[in-house]
Structure formats: structure tokens, C-alpha cells
Amino acid sequence: MDRTEAPAPPSRRDAALAAPVISLHGGTLAYGGRVLWQALDLDVRPGEFLAVLGPNGSGKTSLLRVILGRRHLTAGSLTVLGHAAGQAGRHIGYVPQHRSLPAHTLVRARDAVRLGVYGHRWGPRPGRRAARRRADELLEAVGAAPFADVPLGRLSGGEHQRVRVAQALATDPRLLLCDEPLLSLDLQYQSAVTALIDRRRRSADTAVVFVTHEINPVLGMADRVLYLAPAGFRVGPPEDVMTTSALTRLYGTRVDVVHVGGRVVVVGAPDGTVPHHHGNGPHGTGVNAAAPGDGGRT
Ligand SMILES: Nc1ncnc2c1ncn2[C@@H]1O[C@H](COP(=O)(O)OP(=O)(O)OP(=O)(O)O)[C@@H](O)[C@H]1O
């Protein structure tokens, strides 16, 4: 594991002055008549760590796909690194949601990560030795060195997930989009992966959008939480969003947030969700806006 000291994160003031990496205004996404989220305003700054939470089907993965330019907003505007979504691809690292590969996939982890070091780079490319060293560092950092020469198709879900994180970081991204990167990782590797991502955003000012079902593994590093829910969304620091009153309003039913041994436990959140429809959405409910006092953070 990489144990180098992490530099301090950019101060909130510095971050507030920097041009946003993601600038989303009035964003609405609907599939047919079914609205996943609407009137979403969100600026994500360099070096910021945004955790995206919400129940199944609330549109977290879809948000990442919109940022990647793979889906279009139904309404609203979006720029990513100053360009229309889809035009900043080479600066974006993406850790997709876990999907198993065919068992006959022969590419080795080492090659996949090395390709990332070369792949998206413009201008002078690193020499072979430098690329090998960088790939080895990343494989080591995610604990994948012992199986770096095993074909990807033969890795377990958790092993492959760690390789995916190394691949995404190999591109030296300015924006890192992670879709449930901790799924199927045991606690040791959850910490290794989150620490690696945290170091990256502190040392290189990479903005991180991190979709997760669990706030606890990223509680110490998330600057803000975007919570997508049936009755709307809320954006703000974790201590403002992960509260009984905020989640009760977002779910439209009593949800308790309790703190136990330094962990945040959400009790009573209904499983799944029934997304709202046009004309019956969160407008006017007051829960789709940033919390009072959140000015400038969204
Ligand atoms: N191309 C599509 N066409 C129609 N509906 C879609 C499409 N893609 C996703 N959906 C639906 O939109 C909803 C949101 O999907 P999405 O994957 O964004 O949710 P999520 O919050 O990431 O869920 P999970 O936590 O289960 O991963 C789901 O109900 C899904 O079935």
C-alpha cells in the first residue's frame, strides 16, 4: 500500500474560487414520462469530493452517464471542464459499476492499467519504464500486485474492482467518476481504495464524484453529499444532509439518522423507490433546493 503523507485538501475558499469542473444548472433527467431528478443545480470544484447517495433507481448511475455525455439531459445545461458533456473524455477517469467479465478475457491487470497510463494521454507519452513504474505503483496501491499477471476474466469481483480503480487513476484524470467502487470489497480494500482516491484529489486537485450506498466509508473525506430521493434531492455538507429531518423530507416518510460509534446509521429508509412523474415532482416542496445556508455550495 502507498503510505505517503497526503497533502492538505484545497481550502473551501480556494475551491470556491476555482472554475467548476462540473457545472449543472436546472438539470432534469426523465425516461419517458418518468422523472428521476429535476431542477438539479450542482457545481463541483477541483479537488472536491462529492458523495452521491440515494435508494435503488434514484438516478445515481444515470447522473454519471449524463456527466460522461452518454445520456442527454431532458432539460437544463451542463458543462464538464468547460466543455459540453462528452467532450472532456480524456480528462475523466471512470470506475463503472461492477459487472463480471467473460471468463475467457485474457488481458492481464498489468496490461489494462499500463494501457491507461498511455491510453488517454496527449502530448509526450511517458517512456516504457516510467509507464511500467506508474502502473506498478497503482497496482500496489490497490493491493492488486499479487494478481497483476492473472487474466482479468479469472479475477474475483473484488479483485477486478480494485484493478478498475487503478485503471481509472492511470489516466491522470481531472475528474474521477466512481460508481459504487466499494461494492464487493472487504473492509481492508474499502479503506485502501478510498484512501487512494482521497490522496489523488488532494495531490492533483482531481474532482471526485463518488456514488455509494454507504456514507460511512467516505464520511471523513466527503466535502458534500448529493442525496437523490423520491421526493427530490439535497446537496450540502454531510452533517447537513445526513440528518433525520433532511432524509425524512426527502423520502416523504419518517427516517431516522443516528450516530453510533462514529458511524452514521440510517433507520427506516424504504427499500427501492417510486420515481415521481412530470407535474407531480418535487417543485414547490422545497426539498429539491440546497438547504438554507448552503449558498455557493451547490
Ligand atoms: N436507458 C434507460 N431507459 C429507461 N429507463 C432507464 C434507462 N436507464 C436507467 N433507467 C431506469 O432509471 C432508473 C434509475 O437508474 P439508475 O441506474 O440511474 O439508478 P441508480 O440510482 O444508480 O440505482 P442503483 O442504486 O440500483 O444502482 C432505474 O429505474 C432504471 O431502470
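I began with the make-up of the shell around the ligand: by class, it holds two nonpolar, seven polar and one charged residues. I note that the model is predicted.

I then looked up which residues form this shell. The ligand is surrounded by Tyr31, Leu36, Gly54, Asn56, Gly57, Ser58, Gly59, Lys60, Thr61 and Ser62. I also checked which element contributes most, and found helix H2, residues 60-68, which supplies three residues to the shell.

Next I turned to helix H4, residues 128-141, and tested its length. At 1.5 Å a residue, its 14 residues should span 20 Å, and the C-alpha atoms at its ends are 20 Å apart, so the two values agree.

I asked which residues of H4 are buried. I found Arg134, Ala135, Leu138, Leu139 and Ala141. Viewed down the axis of H4, these buried residues fall within an arc of 165°, so they line one face of the helix. I recall the general rule that an α-helix has 3.6 residues a turn, so residues three or four places apart point the same way.

I examined Arg134 separately, as a residue of helix H4. Arg134 counts as buried because 20 other C-beta atoms lie within 10 Å, the cut-off being 20 or more.

Lastly, I inspected what comes after H4. The helix is followed by Gly143, which has a positive phi, near 75°.

How values were computed. Residues are numbered from 1 along each chain as its sequence is written. This is a predicted model: local features need pLDDT of at least 70, side-chain atom pairs count only at pLDDT 80 or more; totals for chains, interfaces and linings use all residues. A residue is near a molecule or strand if its C-beta atom, placed from the backbone, lies within 6 Å of it. Helices (H or I, at least four residues) and strands (E, at least two) are DSSP runs, numbered from the N terminus. Ala, Val, Leu, Ile, Met, Phe, Trp, Tyr, Cys and Pro count as nonpolar, Asp, Glu, Lys and Arg as charged, and the others, Gly among them, as polar. The expected span of a helix is 1.5 Å times one less than its number of residues. A residue is buried if 20 or more other C-beta atoms lie within 10 Å of its own, exposed if 12 or fewer, and partly exposed in between; C-beta atoms are placed from the backbone. The arc is that of the directions from the helix axis to the C-beta atoms.
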